[in-house]
Amino acid sequence: LNPVSIRVTYEVDRGGPQFWVAGADAQVKVTDRVEVGGIYVDDRNPADPLKLKGVNATVKVAEKTFVFAEAAETDRELTSGKGQAARVEVKHDAKDLQANAYAARTDASFDNPGSYLSKGRGESGGKLAWRVDERTLVKAEVLRTEDVTTNAVRDGAAASVQHTFE
């Protein structure tokens, strides 16, 4: 169970200069509770070169409880320059209690089209689902999203109790 893979992409020549895109992604299980990894991409498109570097870690802090962390940097020398992003998440997934909390932030120069969080954004939140008994489920969710450049903020919260009557 030690997978090794190589991905090759073929693209059709549609004119313009030829260039290379290369990258590497690695994960290493350091202990039975800790895994670390990194990624590097070098896109040498002369019209918009991009370098992407990132690191990540997963730590099992308790049975069914994990902490995930990652940080990345993009460098688009012709357009937005260097930008950073980071994310941390705590997740617990047990039979009667599922919970997670997270925070993520990208600065205005972080430019990765593959990221779920666009440049200049901050987001944090959490979800909780607690099964009180066989017929009752309590749910709650909070969310905060912000525009890092304008400091505009939007907060939201929702809660519900689901009960099955016989």
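Reply: Starting with the fold, the chain has 0 helices and 9 strands (DSSP runs numbered from the N terminus: H or I of at least four residues for helices, E of at least two for strands). This is a predicted model, where local features need pLDDT of at least 70, side-chain atom pairs count only at pLDDT 80 or more, and totals for chains, interfaces and linings use all residues. Residues are numbered from 1 along each chain as its sequence is written, and side-chain values use heavy atoms, with hydrogens and water left out.

Now the patch: L97, L128, W130 and V132 make a nonpolar surface patch of about 330 Å². To count, residues need over 30% relative accessible area and no salt bridge, with nonpolar side chains (Val, Leu, Ile, Met, Phe, Trp, Tyr) joined within 5 Å and like charges within 9 Å. A salt bridge here is a Lys or Arg side-chain nitrogen within 4 Å of an Asp or Glu carboxyl oxygen. Areas come from Shrake-Rupley with a 1.4 Å probe, and for residues only the protein chains shown count as cover.

Strand β7 (residues 121–133) gives the largest share of the patch, 3 residues. W130 sits in that strand, β7, and is partly exposed because its relative accessible area is 43%, between the marks for buried (under 20%) and exposed (over 50%).

Note on methods:
Buried < 20%, exposed > 50% of the residue type's maximum accessible area, 1.4 Å probe, protein only.
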